Amino acid sequence: LVYCPTKEGSGAQPTISDTVEVHYHGTFISGEVVDSSVDRGQTMTFPLENVIKGWQEGLAMMKEGGKATLVVPSDLAYGEVGVGDIIPPGAILKFEVKLFKVLGDEIEVDFFN
């Protein structure tokens with residue numbers, strides 16, 4: 001994992017058991033967009049334990065209010081499996097991430113509503 005902080009935060013620092021609220025813009029190394037909450041105009045909230053290892057490691061180094069670039073090697077992302085037609089096997093991914101809030105470990109997130 002390559003972790004490049006672009007703005008240091010000053011709030012809480014998440015652990016693997018926490019739920020976090022973030023904005024992100026994810027691309028392939030080529031710059032082609034993979035997924036972007038920024039483009040959708042809506043932050044994402046999720047348990048940190050439910051995302052790729054590169055995010056788990058990168059966000060654990062951040063504090064609320066911080067921004068960072070994460071360059072995630074394949075073995076910390078989707079590996080040699082990829083994700084259907086979206087992310088090919090062996091893909092290296094780059095994310096610009098802003099950590100808005102650490103919500104703790106008692107937040108239930110319903111991804112279907």
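Student: Before we start, what does contact mean here?
Tutor: Contact means heavy atoms within 4.5 Å. Keep in mind that this is a predicted model.

Student: Fine. What does Lys94 touch, not counting residues up to four places away in sequence?
Tutor: Lys94 touches His25, Gly26 and Thr27, and also Thr69, Leu70 and Val71.

Student: Where is the place of Lys94?
Tutor: Lys94 sits in strand E6.

Student: Is Lys94 buried or exposed, or partly exposed?
Tutor: Partly exposed, with a relative accessible area of 32%.

Student: How many Å separate the C-alpha atoms of Lys94 and Gln42?
Tutor: They are separated by 19 Å. Along the chain, Lys94 and Gln42 are 52 residues apart.

Student: Stay in E6. Does Val97 count as buried or exposed?
Tutor: Buried. Val97 has 3% relative accessibility, and the cut-off is under 20%, so Val97 falls in the buried class. The place of Val97 is in strand E6.

Student: Which residues is Val97 in contact with, leaving aside neighbours within four places in sequence?
Tutor: Val22, His23, Tyr24, Trp55, Leu59, Met62, Gly66, Lys67, Ala68 and Leu70.

Student: And how far apart in space are Val97 and Asp75?
Tutor: C-alpha to C-alpha, Val97 and Asp75 are 19 Å apart. In sequence the two are separated by 22 residues.

Student: Now the core. How many residues has the largest nonpolar core?
Tutor: It has 22 residues. Those with the most contacts inside it are Val22, Trp55, Leu59, Phe95 and Val97.

Student: Which elements each supply at least two residues of this core?
Tutor: E2, H2, strand E5 (67–72) and E6.

Student: And which gives the most?
Tutor: E6 does, with five residues.

Student: Switching to rings. How many aromatic pairs does the count come to?
Tutor: Three aromatic pairs. In one of them, the rings of Tyr24 and Trp55 have centres 5.2 Å apart and planes at 80 degrees, so this pair is edge-to-face.

Student: What does the pair of Tyr24 and Trp55 tie together?
Tutor: Tyr24 lies in strand E2 (residues 19–28), while Trp55 lies in helix H2 (residues 53–59), so the pair ties together parts 31 residues apart in sequence. Tyr24 and Trp55 are both buried.

Student: How do Trp55 and Phe95 pair?
Tutor: Edge-to-face too: 5.1 Å centre to centre, with 85 degrees between the planes. Trp55 is in helix H2 and Phe95 in strand E6 (residues 93–104), so this pair ties together parts 40 residues apart in sequence.

Student: What are the relative accessible areas of Trp55 and Phe95?
Tutor: Trp55 has 5% and is buried. Phe95 has 7% and is also buried.

Student: Which residues do ring pairs link into a cluster?
Tutor: Tyr24, Phe46, Trp55 and Phe95.

Student: Which elements give two or more residues to the lining of the largest pocket?
Tutor: Strand E3 (33–36) and strand E4 (44–47).

Student: How do the residues of the lining divide?
Tutor: Twelve are nonpolar, one is polar and one is charged.

Student: What is Val2 in contact with, leaving aside neighbours within four places in sequence?
Tutor: Thr69, Leu70 and Val71.

Terms used:
Residues numbered from 1 in each chain as written. Predicted model: local features only at pLDDT ≥ 70, side-chain atom pairs only at ≥ 80, totals over all residues. Heavy atoms only, no water. Phe/Tyr/Trp six-rings, centres within 6.5 Å; stacked < 30°, edge-to-face > 60°. Helix = DSSP H or I, 4+ residues; strand = E, 2+ residues; numbered from the N terminus. Buried < 20%, exposed > 50% of the residue type's maximum accessible area, 1.4 Å probe, protein only. Core = buried A, V, L, I, M, F, W, Y, C linked by side-chain atoms within 4.5 Å. Nonpolar A, V, L, I, M, F, W, Y, C, P; charged D, E, K, R; others polar.
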